[in-house]
Amino acid sequence: MSSSIVLQVENLVKTYDNGVEAVKGVSFNVNRGEVFGILGPNGAGKTTTLEMIEGLRPITSGTIILDGINAVQHPYKIKERIGIQLQSSSFFQNLRLNELIEMFAALYGCKVDPLKLLDDVGLKDKARAMVKELSGGQKQRFSIATTLVNNPVVVFLDEPTTGLDPQARRNLWELIGQIRERGTTVVLTTHYMDEAQSLCDRIAIMDDGKIVALDSPGQLIRQLLARGFTPRTEVHAATLEDVFLDLTGKTLRD
Amino acid sequence: MKTVKSFVAMVKASLKMFMRNKGTIVFSLLLPMVMLSVFGFLSSNSGPAIRLAITNHSTTEMAAEFEKELVQVGAFSIETLSEAEAADALGKGHVDLHVIVPERFGEMKDGRPVPEQIETRFNNGKPQGAQIANLVISQIVNSLDRKFTGNAPMLSIKTTGVTVNDLGYFDFVLPGILAMTIMQLGIFSVAFSFVAWKLNGALRRIQATPIHPFQFVLAQAVVRLIVVIMTATVLVGFGAWFFDFHMMGSYIDFALVCIIGALIFLGVGFSIAGWAREETQVAPVANLVQLPLLLLSGIFFPAEVFPKWLQSITNFLPLTYVVDAMRKIANEGTSLWELPGDLLGMCVWMAVTYTIAVKLFRWE
């Protein structure tokens with residue numbers, strides 16, 4: 001195993017008690033410092049795969065090695081090294097953002113400067129606000145801030161941009177880019193292709209509990225074209241989203 | 001060490017969160033204080049003075065002396081009324097006893113008083129006060145008789161005032177209201193918040209951190225215990241300050257019973273939180289548990305009023321043990337270790353509620 005591989009997943013299987021096979025033998029490696037995307041339609045097994053790696057869901061079979069540690073045998077050691085953003089996680093009511101950051105840091109046994117961390121995600125002026133006062137994009141950025149309190153080796157983001165407007169989405173992409181620049185590996189799930197294309201170094205496409213393709217976005221497109229694919233619609237030099245952003249600007253509407 | 005720090009941080013944050021919830025403060029402090037005040041005011045005008053009306057037709061020295069002695073009796077409130085006014089007041093129940101001193105009372109003839117009678121009239125429906133008053137009056141008349149005739153008393157009574165534990169209804173009801181508050185705090189504060197956290201994903205977010213889920217549950221329990229001790233301190237202090245609540249026993253024993261009681265009902269709260277899948281399920285089930293306990297555990301009135309067959313059930317309810325231990329300690333000065341029955345009952349209930357809680361609890 002080369003040291004450039006930070007996460008190694010082999011033959012991961014999840015079969016629920018009712019016999020449903022959510023993940024049917026998934027294998028992939030994630031390189032240190034890259035943004036790795038897991039794509040797929042709803043119900044493809046993306047979230048289940050992530051939750052098994054994160055130690056939130058017991059696995060049926062397979063091996064997971066993260067930062068040299070067997071995640072199945074040492075789920076708590078793994079949790080200390082990773083940051084997890086859940087698909088729909090809420091935070092406790094009646095606590096301010098800075099207090100929540102402090103609490104989460106303490107749960108990892110770390111000390112952070114809440115204001116510095118909130119500044120990193122553009123929420124410094126909201127430090128004394130409650131989570132319920134935040135907009136959708138701000139909530140997601142705050143949620144990402146809580147994943148960074150322990151200076152994690154890998155950050156897992158489950159559909160971080162779902163439900164956000166285009167401006168907030170672009171803004172979050174920038175934030176994910178900054179996390180990557182800090183040298184932190186990012187594993188994210190999404191079902192937005194444009195997001196995968198502009199954010200991810202490599203992507204795995206999942207369908208029906210299996211990985212059906214794994215490569216860089218550019219490589220996957222070239223492979224498709226090489227198979228003689230022609231798009232159904234004529235190709236424009238710009239997309240509708242480009243038009244939208246051109247008309248409404250890129251500034252955040254939070 | 002790291003674990004301890006995480007735990008303390010968890011407790012601190014949870015306490016902050018808890019205290020910022022206005023509903024909690026209202027239910028655990030304000031409402032019980034209002035109830036205490038109501039019961040306090042209701043029971044504070046117990047034992048009013050015996051109300052006498054006096055009509056004095058005599059102008060003698062002895063008659064004046066008699067009236068003076070009567071006024072000095074602390075248990076009487078005395079008005080001087082005409083015979084007609086007094087009869088009216090007695091008829092309306094404003095006066096308990098009407099004393100009429102006849103015109104020739106106290107007149108002397110050959111060194112002896114003229115035989116005369118003091119007449120008293122009382123309301124047949126309320127004879128208690130009047131009988132006491134009659135006794136006191138005849139005693140005064142006898143002593144006046146001796147004083148004015150110079151006869152040495154043949155027999156006399158020596159009375160000494162003794163201070164006794166003057167336990168009133170308030171002393172009975174304060175432990176009841178405190179036990180009720182602890183029960184509600186235990187059941188509702190845990191059940192509602194855990195179900196909400198379970199549904200909105202906050203619990204799962206905690207699971208994503210290296211803290212063990214059990215530590216999180218424990219931190220929540222510790223927060224509730226801190227609030228219970230605060231509530232007990234405030235309510236007992238409030239009762240003692242404003243309504244003369246008597247604590248005969250040990251404060252530590254009393255606090256221990258509060259904590260044990262809280263632990264029992266936290267177990268009930270965790271059971272409901274573990275079982276419920278929706279927030280709307282919490283209130284009906286929690287009330288199904290707490291309302292019968294509230295009515296049958298002798299919170300507001302002694303359980304002795306129930307028929308025997310019912311008592312054989314109510315005596316074994318968890319809240320009965322808690323409130324009984326509280327009353328024995330506060331009202332009778334018993335130590336907790338002298339109450340093995342209550343102690344055993346509480347421990348059994350704790351074992352029962354936590355067995356159910358562990359069986360029912362789910363994180364999602």
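**Chain A against chain B in a predicted model**

Biologist: How many Å separate the centres of domain 1 and domain 2 of chain B?

Modeller: In this predicted model, chain B is divided into domain 1, covering 2-43 + 168-360, and domain 2, covering 47-162. Taken over C-alpha atoms, the centres of domain 1 of chain B and domain 2 of chain B are separated by 55 Å.

Biologist: Which residues of chain A lose the most area to chain B?

Modeller: The size of an interface is often given as the accessible area lost when the parts come together. Here chain A and chain B bury about 2500 Å² between them, with 59% of it on carbon and sulfur atoms. On the side of chain A, 26% of what is buried there comes together from the three residues that lose the most, namely Tyr76(A), Phe92(A) and Leu107(A).

Biologist: Which residue of chain A does the side chain of Lys16(B) meet in a salt bridge?

Modeller: Between chain A and chain B the count is three salt bridges, each needing a nitrogen to oxygen distance within 4 Å. For Lys16(B) that distance is 3.5 Å, N to O, and the partner side chain belongs to Glu99(A).

Biologist: Which element gives the most residues to the side of chain A that touches chain B?

Modeller: The contact takes 27 residues from chain A and 25 residues from chain B, and eight residue pairs are in polar contact across the interface. Helix H2 (75-81), helix H3 (97-107) and helix H5 (136-147) are the elements of chain A that give two or more residues to this side. With five residues, the element that gives the most is H3(A).

Conventions:
Residues numbered from 1 in each chain as written. Chains lettered and ligands numbered in written order. Predicted model: local features only at pLDDT ≥ 70, side-chain atom pairs only at ≥ 80, totals over all residues. Heavy atoms only, no water. Domains from an automatic or database assignment. Contact = heavy atoms within 4.5 Å. Buried area = accessible area lost by both parts, 1.4 Å probe. Polar contact = N/O pair within 3.5 Å; in protein donor to acceptor, adjacent residues only side chain to side chain. Helix = DSSP H or I, 4+ residues; strand = E, 2+ residues; numbered from the N terminus.
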